[in-house]
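Please look over the sequence and the fold shown here before reading on.

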Amino acid sequence: MADVPWHLSGDYFENCSCSIACPCLVSAAPPLTSRPTEGFCNVPLIFHIEGGRYGDIVLDGLNVLVILHAPGVMADGDWSVAAYIDQRANDEQTEALAAIFTGAAGGPMAAFTPLISKNLGVRKVPITFQIDGKTRSAEIPGILHMSVDPLPTMHPSGEMWANIGHPVSPDKMALAVGAPGNTFSDLGMRWDNSGKNGLYAPISWSNRA
């Protein structure tokens, strides 16, 4: 699948279980080597594809959720991962999105694959993704309710942007905070990341240099 040329652009946000700021990404230690503030990492990452192609398959307008659980220091691995694909996707689109967002098709998500030990599968669900001003929100009925806002700042833009090297958007990522009531519940897990660390960014991905 990594041989199929693909590209996509759009938007993303996440809300992990760490207090602000997440030491996995922002600390004196190398990235992913500091212990998460809760001792583990539970993080949903939600994506909206504005435009994209996987070979000849059009991906425009579709949404994807990736959930990740790391039981300790992220660099130590043993991650569990699941993907949720927009129910509007047809079979070809579903296969393409699963390949991209599990890292099987190369690109940014492939950076995580050496750390994953448990693949909890791919599921099709109704996913809504919304940007309202500087607020990002997403909903999967009965599974996910998530919203983030930028961290308060004295900068006139109202946002703090950093090039923290996160594979999703290495050069530009806004620091954010999860809203009250942010929950994920599925696969025998229930997370509440209200008031916890958030990030958001535009994305531009490809499996070609």
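A residue is called buried when its relative accessible area is under 20%, exposed when that area is over 50%, and partly exposed in between, with a 1.4 Å probe and protein chains only. The model is a predicted one, in which local features need pLDDT of at least 70 and side-chain atom pairs count only at pLDDT 80 or more, while totals for chains, interfaces and linings use all residues. Residues are numbered from 1 along each chain as its sequence is written, and side-chain values use heavy atoms, with hydrogens and water left out.

Helices and strands are DSSP runs numbered from the N terminus, a helix being H or I with at least four residues and a strand being E with at least two. Two strands are said to pair if DSSP finds at least two bridges between them. With strand β4 (residues 63-70), β5 pairs in the antiparallel sense over six bridges, and within this pairing isoleucine 67 has alanine 82 of β5 as its bridge partner. With strand β6 (residues 116-125), β5 pairs in the parallel sense over seven bridges, and here tyrosine 84 has arginine 123 of β6 as its bridge partner. Between β5 and β6 the chain passes through helix α1 (residues 91-101), and this β-α-β crossover is right-handed; the term applies if, with the strands pointing away from the viewer, the path from the first strand over the helix to the second runs clockwise.

Serine 80 has its place in β5 and is buried, with a relative accessible area of 8%. Contact here means heavy atoms within 4.5 Å. Leaving aside neighbours within four places in sequence, serine 80 is in contact with Ile67, Leu68, His69, Lys118 and Leu120. Threonine 113, by comparison, lies in the loop between α1 and β6 and is partly exposed at 33% relative accessibility. Its contacts, again leaving aside neighbours within four places in sequence, are Thr102 and Gly103.

What of the nonpolar interior? In soluble globular proteins, nonpolar side chains tend to be buried together. A nonpolar core is taken as a set of buried Ala, Val, Leu, Ile, Met, Phe, Trp, Tyr and Cys residues joined through side-chain atoms within 4.5 Å. The largest such core has 40 residues, and those with the most contacts inside it are Tyr12, Phe47, Tyr54, Leu97, Ile100, Phe101 and Trp205. Two or more residues come to this core from each of β1 (6-15), β2 (41-54), β4, β5, α1 and β14 (197-206), with β2 giving the most, namely six residues. Phenylalanine 47, leaving aside its neighbours within four places in sequence, is in contact with residues including Tyr12, Leu62, Val64, Phe101, Ile203 and Trp205. Apart from this core lies another, of 21 residues, among them Ile46, Ala82, Phe129 and Ile143.

Turning to charged side chains, the structure holds four salt bridges, each being a side-chain nitrogen of Lys or Arg within 4 Å of a carboxyl oxygen of Asp or Glu. One of them joins arginine 53 to aspartate 60, with the closest N and O atoms 2.9 Å apart; arginine 53 is partly exposed at 32%, and aspartate 60 is likewise partly exposed, at 37%. In another, the side chains of arginine 88 and aspartate 86 meet at 2.6 Å, N to O, where arginine 88 is exposed with a relative accessible area of 53% but aspartate 86 is buried at 1%. Aspartate 186 forms a salt bridge with arginine 123, the closest N and O atoms being 2.9 Å apart. This pair links distant parts of the chain, since aspartate 186 is in strand β12 (residues 183-186) and arginine 123 is in β6, 63 residues apart. Aspartate 186 is buried at 17%, whereas arginine 123 is partly exposed at 40%.

How many disulfides are there, if a disulfide is a pair of cysteine sulfur atoms within 2.5 Å? The count comes to zero. Cysteine 18 is in no disulfide, the nearest cysteine sulfur being that of cysteine 22, 4.0 Å away, and cysteine 18 is buried with a relative accessible area of 0%. Cysteine 22 is also in no disulfide, as the nearest cysteine sulfur, that of cysteine 24, is 3.8 Å away; cysteine 22 counts as buried at 5%.

Technical notes. Disulfide = S-S within 2.5 Å.
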